[in-house]
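Subject: Handover of a structure, with notes

Dear colleague,

I am passing on the structure below, and I would be grateful if you could read the notes after it alongside the coordinates.

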Amino acid sequence: MTTRNYPAMVTMPPGPRARAIVDRDRAWTSHSYIKEYPLVVARGEGAMVEDVDGNRYLDFMAGIAVASTGFGHPRVVSAVQEAASRFLHICGSDFYYESMAALCERLAKLAPGPTKKRVFLTNSGTEATEAAIKLARHSTRRTAMVAFHGAFHGRSTGAVSLTSSKARQHAGFGPLLPDVHHVPYAYRYRCAWCSRADRCGLACVDNIRADLFTRHVDPHDVAAIFVEPIQGEGGYIVPPDGFLRSLRELCDAYGILLVFDEIQCGIGRTGKMWACDHEGVEPDILLTAKGLGSGMPIGAMIARESIDRWQGGAHGSTFGGNPVCCAAALATLDAVETELMANAAAMGERLLHGARALMEKHAIIGDVRGRGLMVGIEFVRDRGTREPAPDVVRALVERAFSRGLLLLGAGKSALRLAPPLVVDAQDIDTGLGIIDECLAAGSR
Ligand SMILES: Cc1ncc(COP(=O)(O)O)c(C=O)c1O
């Protein structure tokens with residue numbers, strides 16, 4: 001173990017400077033912001049985040065899986081500075097610049113499968129989803145869409161219609177898009193068909209055909225099925241092998257487009273560039289954002305050329321694919337491809353192994369799952385009944401914060417572990433050690 005200057009707490013957070021900023025923020029910002037806990041950031045470096053009172057934290061949430069290259073990655077920072085010094089904006093929907101062409105070419109070539117792709121750049125994940133809704137409807141001339149329970153695809157009116165994460169994200173906003181149908185995700189631990197069985201028979205996919213497509217909607221009216229290859233906000237749920245392939249077959253049978261939302265699980269986080277690469281399934285449309293720009297706002301819709309048949313002006317964006325964001329994304333991809341993806345695979349193994357060891361020690365842990373640096377730990381009151389224990393997650397996140405570890409919950413009662421892809425073995429062991437201590441303290 002080398003000596004590290006983090007985690008290191010000099011005052012109980014929120015300290016005096018943090019408290020002043022929290023009060024000011026509360027006076028002026030929209031009530032819609034949740035604010036998970038009073039972390040007030042001053043700067044970051046690698047996997048370390050420092051607050052305005054000088055507390056240094058180990059980051060296991062990366063600003064919700066966004067700070068892929070960590071904080072202040074030299075490659076990303078210098079790419080951003082260099083691009084900013086030349087021009088901040090010219091509007092990629094209307095004019096040309098090299099970084100936009102280069103990023104679209106790069107993403108099209110990186111996307112899974114052999115078919116030629118075309119890329120539309122956005123400012124966020126939500127906008128990538130919105131673009132996919134429009135392109136799917138436009139290219140199929142169908143209107144219905146299928147998404148999964150627990151899904152999170154964004155918050156604009158179209159995207160939030162596909163989201164099925166928390167009722168409050170819909171409350172008061174209706175009517176949302178019509179003809180959106182939600183079906184159960186391959187959530188093995190809580191599956192109505194196979195949670196107690198030895199193996200998964202993918203009954204959830206059969207059910208789409210047998211129930212949804214038989215009783216509720218004609219599959220020939222369905223434009224697209226939207227799915228997260230690993231469900232993020234829903235609880236870091238890794239579906240069984242074969243799930244994506246079965247969805248591909250189902251879509252092919254009815255001419256439905258398959259959209260993979262890799263906004264949270266893509267860009268090397270799982271140890272491969274895309275989470276769907278683990279199953280080798282090619283979608284019709286792939287969505288990315290979050291980690292793509294290391295924190296600069298950029299997302300993309302990557303579609304097969306055969307479906308990108310909309311006319312000029314059908315869709316566009318003033319800021320989407322901004323040159324500074326394109327530079328950040330290109331530098332991020334360089335870092336991910338050359339070093340961080342392999343690190344995510346190796347450190348992810350260590351994290352998963354360590355989380356499983358915690359499960360042996362703490363009966364409150366009901367399930368551990370993950371791929372690469374995307375690990376979910378689900379908490380239950382009782383392993384037999386599997387009753388969720390959301391209060392345990394809340395208390396754990398709070399306790400860890402006061403001890404210098406940044407965590408975040410997901411789903412009803414899971415903890416998501418999503419550190420920056422730059423973490424090393426010492427970071428992983430330190431983080432797991434703090435979680436262990438916090439759980440032990442909680443059971444006393
Ligand atoms: C899988 C997934 N899709 C879409 C989104 C929406 O992205 P954004 O918040 O950038 O609009 C998120 C954000 O958490 C996400 O996790």
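This is a predicted model: local features need pLDDT of at least 70, side-chain atom pairs count only at pLDDT 80 or more; totals for chains, interfaces and linings use all residues.

Residues are numbered from 1 along each chain as its sequence is written.

The chain has eleven helices and 15 strands, these being DSSP runs numbered from the N terminus (H or I over at least four residues for helices, E over at least two for strands). Its radius of gyration is 22 Å, close to the 22 Å that the globule rule gives for 444 residues, so the chain is as compact as a globular protein of that length; the radius is taken over C-alpha atoms, and the rule is 2.2 Å times the number of residues to the power 0.38. Along the principal axes, the C-alpha trace spans about 60 × 60 × 45 Å. Buried residues make up 51% of the 444, where buried requires 20 or more other C-beta atoms within 10 Å of the residue's own, exposed 12 or fewer, and partly exposed a count in between, with C-beta atoms placed from the backbone.

The chain is divided into domain 1 (16–72 + 340–443) and domain 2 (75–335), with bounds that come from an automatic or database domain assignment. In all, 29 residues of domain 1 are in contact with 30 residues of domain 2, a contact being two C-beta atoms, placed from the backbone, within 7 Å. On the side of domain 1 that touches domain 2, helix H9 supplies the largest share, five residues, and that side divides into 13 nonpolar, nine polar and seven charged residues. For these classes, Ala, Val, Leu, Ile, Met, Phe, Trp, Tyr, Cys and Pro count as nonpolar, Asp, Glu, Lys and Arg as charged, and the others, Gly among them, as polar.

The largest nonpolar core has 138 residues, and Ala132, Met145 and Ile225 are among those with the most contacts inside it; such a core is a set of buried Ala, Val, Leu, Ile, Met, Phe, Trp, Tyr and Cys residues joined through C-beta atoms within 7 Å. H9 gives the most to this core, with 18 residues. Leaving aside neighbours within four places in sequence, alanine 132 is in contact with Val259, Ile285, Leu287 and Met301.

Turning to the ligand, 15 residues surround it, the closest being Ser124, Gly125, Thr126, Ile263 and Gln264; a residue is included if its C-beta atom, placed from the backbone, lies within 6 Å. Helix H5 (residues 125–140) gives the most to this shell, with three residues, and by class the shell has four nonpolar, eight polar and three charged residues.

Two single residues complete these notes.

With best regards
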